[in-house]
Amino acid sequence: KDPVKAKWFACTNPEDAACAAVLAMTDPTSSFCDLNRDQWQWTDPNKSIISSFELTCGRSFLAQIVNSAFFLGYLIGSGLFGSMADQQGRRKTLLAALVTGTVFTLMSAFSPNYWVYFVSRLLTGIGAAGQSLVTYLIATESIGPAWRGSAGVGTQLFFVLGEFLLVPLAYLLQPWRMMCISIVVIGAASCLLYPLIPESPRWLLAKGRTAEAVAIMERMAAVNGTRMPLEPLAEAVPVVAGGAAHMTLGSVLKDRHIRRRFIVLAYAWCILCMTYYGISIALNGLAGSIYILFLVAAAAEIPSNILAAYLIERIGRHNSLALGMLLGGVACLICSFCPAGILQAMFAGLGKFGCAGAFTIASIYTSELFPTLVRSAVLGAENEAARLGGIAAPFIVLLGTQLNSPSMPFLIFGATSVLAGLLIFTLPETLGAPMPDTLEDMDAIQSIFSTGAWKKGWKTTRGELFSTRAHGSTKNLQQLALTAISEESQAKMSFTGNSRSKEPGSSAVALSADSTAVGTAAGASTASVPVPGEEHTALLVAHC
């Protein structure tokens, strides 16, 4: 909260007419800097970092730079923890990220000056990036195709819960140092959940640690009241096919189609983050209570995520992602032309509604577009691109403030989001395709450029631009159909007990059902990974 606008200052001399006149204004921001520093004093300097570190007038820009420092840390952490998760495993990386975020948030609470606070926020951002990335990976890599979209959305709903929790914390613990300490307590409590969080079976399998993967899957099956299929997991999934064990992000990006997809997604992630967080930051410049405005914007994310979970299973991943970005962009454009007040706040909330749903889908969609052994690195790289947008967002808002145009940021957010939404339509659909483990598996994911549909006229191009199901090469789809038949037979032989699988009659779980078969693409049902019990719940709480 802006301490100047909130009038958390008083005149040093009660008889000072100039200071009294500024204090009497409804919004003293414009005239406050005309006063000399000795004409006023803070009534409670510990309420805000602005008052604690004197970030007013000529130093006001430093407040937004702190926000950019956090996103710079997020950028660094995305690459650092993304690589670490691929090499050391998801579970150990998550603990390292949780500890990093908690320790440096504590450092923020006791910062003696602005620059120590700046560094602590940057380092906190590094830890936050690892938490966000790895919790998502563990949640979705342990889930089969029937539930993967719901699991991805579930992690984001807990993110929204964290936003809701932030509002009462910020309101009740207005000395900002106390709010930091409360977040440290939550972070430390999350670390206690570590023993309940399993390693990703898919990562273990890709690394050739089959026995450990089987043990974890058997534990999940036991929690769900069923058992593993009779077919050994090691026989179902090739671990090093085509040299996959030595796959790197650089080697994958040598393929021009994969490289183009990576670049388009990088732009989309960048704009998503810029718009999503930019709206939250820009709300401070709108009329009304910052607590109410933030709460309204956060509340818009709940139906957005629920709608996203519904749409991605019906109209596809890339269509849903594009529509979310287009909705967010158009809402921001309208917001930029609305008069200040409740209507502008409503469209700002609608903009965040669209971006929130798109952000949720982006993680699911990106993870389904790239092979297992580079998936974490890709998500880390796309998150780095996103944080470039996060770094830019405070400066875009600051530009609007300096030009006395609160609507300008929304104009920029809107135009760039609309462009990103249109570009997403050129990417392939992944609904119904297996989560790829090798480059050969990528044949099941084709776009208008890899199939050459754009050369065949508008009708063919339009069909692929708005495709609602994954489609690949004939050879690949034939292999998928044969695998699906095999999986269906296996399901009939191995099903026992009451499974929580989404499709009745499916077997309790083989990771192979996700990585080598897609019954929906081939016109047959498949086995699916069961929804984990206490492990998945613990992971969601940690994400919150």
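## Basis of the description

Helices are DSSP runs of H or I with at least four residues, numbered from the N terminus. The model is predicted, so that local features need pLDDT of at least 70 and side-chain atom pairs count only at pLDDT 80 or more, while totals for chains, interfaces and linings use all residues. Residues are numbered from 1 along each chain as its sequence is written, and side-chain values use heavy atoms, with hydrogens and water left out.

## D86 in helix α4

D86 belongs to helix α4, which covers residues 61-88, and is buried (under 20% relative accessible area, 1.4 Å probe, protein chains only), with a value of 7%. A polar atom of the D86 side chain lies 2.8 Å from the backbone nitrogen of A377. Leaving aside residues up to four places away in sequence, D86 has contacts (heavy atoms within 4.5 Å) with W203, K207, T372, L373, V374, S376 and A377.

## Nonpolar cores

A nonpolar core is a set of buried Ala, Val, Leu, Ile, Met, Phe, Trp, Tyr and Cys residues joined through side-chain atoms within 4.5 Å. The largest has 67 residues, and L265, L321, M325, F370 and I424 have the most contacts inside it. Elements giving two or more residues to this core include α4, α13 (256-282) and α16, with α13 supplying the largest share, 15 residues. Apart from this core lies another of 19 residues, among them F81, A109, Y117 and C180.

## Helix α16

Of the 21 residues in α16, 15 are buried. At 1.5 Å a residue, counted over one less than the number of residues, α16 (residues 317-337) should span 30 Å, which agrees with the 31 Å between its end C-alpha atoms.

Terms used: Buried < 20%, exposed > 50% of the residue type's maximum accessible area, 1.4 Å probe, protein only. Polar contact = N/O pair within 3.5 Å; in protein donor to acceptor, adjacent residues only side chain to side chain.
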